[in-house]
Amino acid sequence: MEEFWFQRTAWLINVVAMIIMMIISWLVFCYGRWKTERRGRDETKARLPSGSLGWPVIGETLDFISCAYSTRPESFMEKRCLLYGKVFKSHLFGGPAIVSTDAEVSRVVLQSDARVFVPWYPKSLTELMGKSSILLINGSLQRRVHGLVGSFFKSPQLKAQITRDMQSYVQTSMNSWKDGELVFIQKEAKTIIFQILVKGLIGLEPGEKMQFLKAQFHEFIAGLMSLPIKLPGSRLYRSLKAKKKMASIIQNIIEEKRRNVSKGPCDPRDAIDVLLEYSDDELTDHLISDNMIDLMIPAEDSVPVLVTLATKYLSECPLALQQLEEENMQLKQLKAKSGLPLEWTDYMSLSFTQHVITETLRLGNIITGIMRKAVRDVEIKGHFIPKGWCMFVYFRSIHLDSEIYDDPYKFNPWRWKERETSTSTFMPFGGGQRLCPGLDLARLEAAIFLHHLVTTFSWVADSDHIINFPTVRLKRGMPIRVARKCIMESVQQDQNLSI
Ligand code: HEM
């Protein structure tokens, strides 16, 4: 009996000793891991660019937003660049971020692919766009959709169609302007450019359906900067509902196009035609219809704002307005003499007009910057960006850098006589694999609008000022009091256009 108890106690001691050993080993292992992680964190911390993470949770977001609402949004960056250099760490929109105002670092970020950086947007935006949006997808599908849409946007057929439509819509709109009337350029440009965009993307002509789509689109984009709460009645919920209604209109258009395709092949007339031609298991009808709406996001507002800003800058620079007028009048008279209509190539070859557009893009910074998320640790020009951190490339600071541009706050279209636009110091359309596929269209549409404006009207601008946050726009919509120029010339030109 004694032996039994002895054996049993020994066995119990062994078990307890084993358990204690296991616990000690586990604690030693955890401590080791914690130490390695801490060392890793300390090393990461030491390698991070200088800067401040600001307050817990909100970081430096409030300071960023208050600067963004001011007349000098870049002051947030300026203060920090003085303290920490052109690349610094911060904490913005709920997460840690590395901010770049350095042209070379920004160029490298834009050129990097999804193995290094992926797009980053606020939660409400990603909810609204959906996982298959061109603005969010990566890898081969993004390259495919970007390539197909981009080459269609660059095609001479589309540019010719857009030129015809834009001329007709601009003239219809401008014909209704009365002498001495106060015209709001932002609103006029928005109406015209939305019609052009929708026709180019889904082939819809102006009319009741277009009006319905426009109303739904405005309901949709109102939620892009909302709180990410998806409860019935919330802003995000209403925006998602509007997107569903738009998607169903586009689905019907796709079905109709499919029925027509079965009757025989025809040339692509809009972006849906192009994507349908290549549709497969990856490029589904659902993905196409959703993306048509997402394609409207970067395009709908930016071109009207470009035109509006150009009108403002020209109103404040009579010399530039005079040279623009002369260049466009010359073209108008030349075309009137030849009896030929204006082609898209005519607009694109107006060199001073293109300098005005370029300078407006530089000074106006319609898209102030882009955000990416690092998918792995990365070092650019000696600046360390840890995995999971946001990278904020702030174009505005680069475009207004006095080391790059003389007198950067001055509207000076002549500076582009000697400068290239395809450099790393000029990036209003982004760069790399996500370079804006609509950049040629944006320039063409702006040139057409400006041509008709300066050759048909002279004007006196009412006071207005630029708001930079959350999107760039004119507070009052750029009101100008218009006076019609020589009627004979306009009539002659109208005749040419309708040939
Ligand atoms: C003044 C006018 C415009 C400006 C300043 C502008 C600017 C930009 C910028 C900066 C990007 C890059 C975004 C990024 O890297 O994440 C971009 C992308 C894009 N833009 Fe534009 N854009 C303009 C007009 C247009 C137009 C007219 C269209 C279409 C008709 C368009 C369609 C797109 C699309 C689809 C993308 C996403 C490309 C991708 O991620 O693959 N944009 N735009």
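1. Basis. The model is predicted, with local features requiring pLDDT of at least 70 and side-chain atom pairs counted only at pLDDT 80 or more, while totals for chains, interfaces and linings use all residues. Residues are numbered from 1 along each chain as its sequence is written, and side-chain values use heavy atoms, with hydrogens and water left out.

2. Iron site. Cys436 (SG), at 2.3 Å, is the only protein donor of the iron atom of the ligand. Donors are N, O and S atoms within 2.8 Å of the metal (3.2 Å for Na, K and Ca); water is not among the atoms, so sites may look incomplete. Cys436 sits in the loop between α17 (395-399) and α18 (439-456). Helices (H or I, at least four residues) and strands (E, at least two) are DSSP runs, numbered from the N terminus.

3. Five-stranded sheet. This open sheet has the order β1-β2-β8-β5-β3, with mixed pairing; two strands pair if DSSP finds at least two bridges between them. β1 (87-92) and β3 (117-119) are the edge strands, each with a single partner strand, so one side of each has no neighbour in the sheet. Neighbouring strands are turned by 35° against each other on average, direction ignored.

4. Details of that sheet. β3 and β5 (residues 369-374) run antiparallel and are joined by three bridges; Pro119 has Arg372 in β5 as its bridge partner. Helix α3 (residues 75-84) lies across β1, β2 (95-100) and β8 (390-394), at about 130° to β1. Contact means heavy atoms within 4.5 Å. Axes are lines fitted to C-alpha atoms, for helices over the stretch in contact, and angles run from 0 to 180 degrees between N-to-C directions.

5. Three-stranded sheet. The order is β4-β12-β9 in an open sheet with antiparallel pairing. Both β4 (182-184) and β9 (457-461) stand at the edges with a single partner strand each, so one side of each lacks a neighbour in the sheet. The twist averages 45° from one strand to the next. Three bridges link β4 and β12 (residues 479-484), and Phe184 is opposite Pro479 in β12. α8 lies across β4 and β12, at about 50° to β4.

6. Pocket lining. α8 (185-202), α10 (235-261) and α11 (271-277) each give at least two residues to the lining of the second largest pocket. The largest share, seven residues, is from α10.
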